[in-house]
Amino acid sequence: MGWLYYDYYYLVLVVPMLILSLIAQAMVKSTFNKQAKVLASRGLTGEQAAARVLYHYGINDVRIELSPSGKLSDHFDPKSNVIRLSNGVYQSSSVAAIGVACHEAGHAAQHAEGYLPIKIRNAILPICNIGSTLGLPLAIIGYFMGFEPFVSIGLLLYALIAVFQFATLPVELNASKRALAVIEETGMLQGDEIGGAKKVLTAAAMTYITALLVSLANLLRFVLRFSSRRDR
């Protein structure tokens, strides 16, 4: 009967959130591909657009490099102060490329300014990594040993996954807000092009929201599973 409970909670709680997550990921790819076909009237590349955001914020110690990774692997590396843009963004003059490149430059601006939410996210990252690794195994060990404190501590550690996802949301949303503000202020994109960039960044934001929902669903699933097994 234990596995029946397990499957039931997984099907009812987790599967719907996983489906939403897959839909969000598909929307990102679809929206990016659509806007990647729209060339910006100013003709700036993603690399040039990111550089303009850095200049806007007075940042001169961040490099912009071509990422060796694949499509949509764009990111800002705060340890080496490097914005790495995928080939489809770095050299492209599309609306999608400019939106993504400016978003990553927005992260660089957050670090340069000491943006509080990103400080909080970085501060809790080490313990959240511990929670994602040890939380569930500790809860399972505690359950089979009949040692309730292990179960509770394990679930609390596992909950840190959702805490990290929650802390990530304002960071990503703010990076997009910064990107769009600089895009409009500097005229990198014009008219409908701005709306296209906004669609790309909104679709990307949905992936972070669904990731949080998946984490919360998994947490609730394990809380209910352990609780129902204890009450029997």
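Modeller: Before we start, one term: a residue is buried under 20% relative accessible area, exposed over 50%, and partly exposed in between, using a 1.4 Å probe and protein chains only. By that rule F150 is partly exposed, with a relative accessible area of 29%.

Colleague: Thanks! What kind of model is this, and which pLDDT is needed for local features?

Modeller: This is a predicted model, where local features need pLDDT of at least 70, side-chain atom pairs count only at pLDDT 80 or more, and totals for chains, interfaces and linings use all residues. Residues are numbered from 1 along each chain as its sequence is written, and side-chain values use heavy atoms, with hydrogens and water left out.

Colleague: Okay, how many helices and strands are there in the chain?

Modeller: The chain has 7 helices and 3 strands. Both are DSSP runs numbered from the N terminus: helices are H or I with at least four residues, strands are E with at least two. Starting at the N terminus, the order is α-α-β-β-β-α-α-α-α-α.

Colleague: And what box do the C-alpha atoms fill?

Modeller: Roughly 65 × 35 × 30 Å, taken along the principal axes. The chain has 232 residues, and 46% of them count as buried.

Colleague: Back to F150. Which residue does F150 form an aromatic pair with?

Modeller: Let me begin with the rule: rings of Phe, Tyr and Trp (its six-membered ring) pair if their centres lie within 6.5 Å; planes under 30 degrees apart are stacked, over 60 edge-to-face, and the rest tilted. The count comes to 3 aromatic pairs. One of them joins F147 and F150, edge-to-face, at 4.9 Å centre to centre with 80° between the planes. F147 is partly exposed too, at 38% relative accessibility.

Colleague: What about Y8 and Y9, how are their planes set?

Modeller: Y8 and Y9 are an edge-to-face pair as well, with 65° between the planes and 5.7 Å centre to centre. Y9 counts as buried because its relative accessibility is 13%.

Colleague: Switching topic: which charged end sits over the ring of Y115?

Modeller: That of R178, 5.4 Å from the ring centre. To count, NZ of Lys or CZ of Arg must be within 6 Å of the ring centre and within 35 degrees of the ring normal.

Colleague: Last one: how many disulfides does the structure hold?

Modeller: The number is 0; a disulfide would be a pair of cysteine sulfur atoms within 2.5 Å.

Colleague: Then are C102 and C128 buried or exposed?

Modeller: C102 is buried, at 0% relative accessibility. C128 is buried too, with a relative accessible area of 4%.
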